[in-house]
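Open the model in your viewer and keep the selection panel at hand. Each stop below says what to select next.

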Amino acid sequence: MQIIIVGCGKVGSVLAEQLCREENNVTVLDVKSERVEHLVNELDIMGYIGSGISFDTLMEAGVKKADLLIAVTHSDELNLMCCLIARKAGNCQTIARVRNPEYNKEADFLKKELGLSMIINPELAAANEISRVLRLPSAIDVEVFAKGRLEILKFRVKAGSPLCNLSVQEMAAKVSGDILVCVVERSDTVTIPNGMFVLQEKDYVYVAGTPKSTAEFFKKIGIEANPVRNLMIVGGGKISYYLAQILLAAGTDVRIIEQDAASCDMLSQLIPEATIIHGNGTDKALLMEEGLDGMDAFASLTGIDEENIFLSLYVKTQSDIKTITKINRISFDEVIANLDLDTVIYPKDITAEYIIRYVRALGNSIGSNVETMHRIAGGKVEALEFIIRENAPVVNVPLMDLDLKDDILIACIQRDGKIILPRGNDSMQVGDTAVVITTRNGLRDIRDILGKRRVG
Amino acid sequence: MNYQVIRYMLGYICYFEAAFLTLPCFVGLIYGEYRVSMIYALVAAICVLLGAAFRFKRPKDKRMYTKEGLVTVALCWIVLSILGALPFCISGEIPYYVDALFETISGFTTTGSSILSDVEALSHASLFWRSFTHWVGGMGVLVFILAILPAQGGAFMNLMKAESPGPSVSKLVPRLRDTALFLYGIYMGMTLLELALLLIGKMPVFDAVTLTFGTAGTGGFAVRNSGLADYSVYQQAVITVFMIAFGVNFNSYFLLLRKRFKQAVKSEEVLTYLGIIAVSVLLITVNVRPLFPNLFQAFHHTFFQVGSIITTTGYSTQDFNLWPPLSRTILMVLVFIGACAGSTGGGIKVSRLIIMVKGIRKEIRTLLHPRSVYKVRMDGRAIEHEVVRSVNVYLAIYVLIFVGSLLIITLDEKDLVTNFTAVGVTLNNIGPGLGVVGPTGNFSSFSAVSKLVLCLDMLAGRLELFPILMLFVPSVWKRGKREKVRIEKTKAEKAKV
């Protein structure tokens, strides 16, 4: 696909890298020459220096032949304008990043009237992500497939957990057979385990199952799946605003600590149901005074990454509640993963992922069959949902007879609204959707999971 | 420094050299030169073995930074030349290896300077090989590899940057591989077109093929002792037009293909290039008019010669050594200007000249209005200060290399004109100079040391100085700290075993 990305900031760079790796022809555009040069030297893409709202520059970048334009500059208006021009000048799909809450209310109107294919609001996306994580306090990450019928949950094996030193096979027999271990992350290696794989303390484990079966599973291994009843947030930015809205609607009590008086004023006007506290979130006494002890969860969402990390670490020393840490800028994932932080939210990755999911879906109409796509384990593993079509070579073949490539796991098959966690005797049928977990990049069709030998 | 990835790329180069060498082998078979054919086949086999040895172990770390890119390109060209010289030497057609090396480097760098006094004595296979090296060297071997190999990462942009002529390299399309394919497509198309036009003009097939290779790569090896003097006016005219066409920035052709005519026609560099040609032709025609029976003859030969020199091809229909001083001087000035960036020609490049002149204008303006803000612009676009600076540095290094080489080859005690033009035409990849190395002379009388210096000049000129220069920077060859640790570890492991 021919893709133009306007704006080479954090999100733009992540997008360019991923889309380029997936064999798209990517052209980037930015007014800052050093940003463009840096990207062009790193990746196999083309770069232009210029404004995304300049008709000439867009024409030069090939908007006429482009399939998709993604506008992710710092300014909402610029992004919208750019998409509008691209829409009129060429005949491409457009995606704009719009983060101002005022526009957000009109998102649907804008989308329709300006002919946009997608509007992405990074803060809203991050807030959605956090709210999903909060639903299951001990499962650290949640990804939803098959319209919510299947979940993939990430949790950490703690010391003394019944899972310690248990092989995957034994686990199925002793603990629960209704869930499937998909991926295990140990320090910085990611494995798709087979039955012999032995779990250890401190592993991050990803399990797939229906919401019901996973809830049972967590109960059995001694992690209570209580929903969060109250949450403390430090930092009153846009993510906090959206998150508070979502959680309040679900009946959760929200307490926001914010340093800036004006922001506090605004928040209390916008979300009167929340408790807004004007104070410094790094003040330990204040945290205690506001009842950190009694909280079910804690989210550090200030604008400073280092502060967020330290806050969460501190909270971890005080009580055993779930922490959520937002990281905007720092790119030391490996180091951060080793810290005792529960959930780490990277808004730029979430935004990029939402867009890439859309791009893949767009690619569907041109010949791939990916329904949804999630990147997990720091982007090292992909979970893809495929639609099984009539001429797929996997139809009616028992899974044990399929010659799968390495590093591929079929996590689940969905048939007529029912979830099947597949065993060797099961087979895929036309009309099913299958969720495939893989460390490979760029699978486009269910047939891509097969090795050279095809059907055995 | 990542030695492994460089070694791996060198392996590729050996394979490609083997593939290239099979062509003269076939040509030899066609003309019944079985002994020479066998030699080419033998050298091809050596290349395959060497390539297999280089590629025996896959590199663990495939990252290639600018440093590795530059060194890889320089080493690839050197390996290519060293292996390519073998057949000449083994077959005894060029008995001394240094001479054979000079001839091969002259071929790959599209220079066209020769040490042979009797070209017609060579076998057809060797003549073909000589000309074919021009064609390969014209667009660049690594660009060719990039076009053929499966998709590579962005790091390989460094290879293309190091090999393509011009102050700044831009891709035509987002994918490096597609860009390389496009360039070779245009190159191939124009080559075939010229070949067809020459064949229509009833040129013998062998001459047509070899001269087309020479024109396309802006090389300049002829296959007759008389150069191009014996061919018909039509044939010479076709070659003139194509020489000039191959000296145009290929980006312009790309824009034409994409039907962006306005942009293509407006290119400042191409217009300046054509302007320089027009003015030079006019001046020289007037100047040499008395030497020819009529105006057309004078114009025809002048046009050919100007086209041949500015595009750094180096074909000749006339011994311009005998032309008046003004004409010779103009031709020598053209030697240094060279063709457009992004073409197959050599020299300093018209775009660098434009940037330099505009840079001078900027400096003068700054002197007049110390607080004025003024950007050097080209094609209506402001040029980064970095580019202006790199052009200036380029010229400084260029002059230093020139002077250094001149001093060394002066030890052979030839006259100044010969020495000066010999360095000039090799560093700018032209071919014939003036004096002893003029169109009817050759480079054989230089000492081995001088020939090697001129070889380096040719490589430096073709690769735009920096890659070859990098080879002489000691810190480039140092291993990183981590690499050292790794090597020591493996040593320790081996010791244990």
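What covers the buried residues of α4(A)? Among the elements that do so are β1 (2–6), α3 (55–60), β4 (68–71), β5 (93–97), α5 (101–105) and α6 (107–113) of chain A. This is a predicted model: local features need pLDDT of at least 70, side-chain atom pairs count only at pLDDT 80 or more, and totals for chains, interfaces and linings use all residues. Residues are numbered from 1 along each chain as its sequence is written, while chains are lettered from A and ligands numbered from 1 in the order in which they are written.

**Stop 1: helix α4 of chain A**

Select residues 76–89 of chain A. Helices (H or I, at least four residues) and strands (E, at least two) are DSSP runs, numbered from the N terminus. Now colour the buried positions of α4(A): A:Asp76, A:Asn79, A:Leu80, A:Cys82, A:Cys83, A:Ile85 and A:Ala86. Buried requires 20 or more other C-beta atoms within 10 Å of the residue's own; exposed is 12 or fewer, partly exposed lies in between, and C-beta atoms are placed from the backbone.

**Stop 2: all of chain A**

Zoom out. Chain A has 15 helices and 24 strands. Its radius of gyration is 23 Å, close to the 23 Å that the globule rule gives for 456 residues, so chain A is as compact as a globular protein of that length. The radius is taken over C-alpha atoms, and the rule is 2.2 Å times the number of residues to the power 0.38. Buried residues make up 45% of chain A. Colour by domain next: domain 1 (2–120), domain 2 (140–220), domain 3 (230–345) and domain 4 (369–455). These bounds come from an automatic or database domain assignment. The centres of domain 1 and domain 3 of chain A, over C-alpha atoms, are 32 Å apart.

**Stop 3: where A meets B**

Show both chains. In contact here are 10 residues of chain A and 9 residues of chain B; contact means C-beta atoms, placed from the backbone, within 7 Å. On the chain A side, β2 (25–30) and α2 (33–42) each supply at least two residues.

**Stop 4: chain B and the core**

Chain B has 21 helices and 2 strands, and 49% of its 497 residues count as buried. Where does the largest nonpolar core have the most contacts? Select B:Ala74, B:Cys76, B:Trp77 and B:Leu142, in a core of 132 residues. Helix α3 (residues 66–90) of chain B gives the largest share, 13 residues. Such a core is a set of buried Ala, Val, Leu, Ile, Met, Phe, Trp, Tyr and Cys residues joined through C-beta atoms within 7 Å. Centre on B:Leu142: beyond its neighbours within four places in sequence, its contacts are B:Val73, B:Cys76, B:Leu159, B:Met160 and B:Glu163.

**Stop 5: two loops of chain B**

Most residues other than glycine have a negative phi. Select B:Lys349, in the loop between α15 (325–337) and α16 (350–368). Phi of B:Lys349 is positive, near 90°. B:Lys349 counts as buried, with 28 C-beta neighbours inside 10 Å. Finish at B:Asn429, in the loop between α18 (416–427) and α19 (448–462). Phi of B:Asn429 is positive too, near 60°, and B:Asn429 is buried, with 34 other C-beta atoms within 10 Å.

How values were computed: Contact = placed C-beta atoms within 7 Å.
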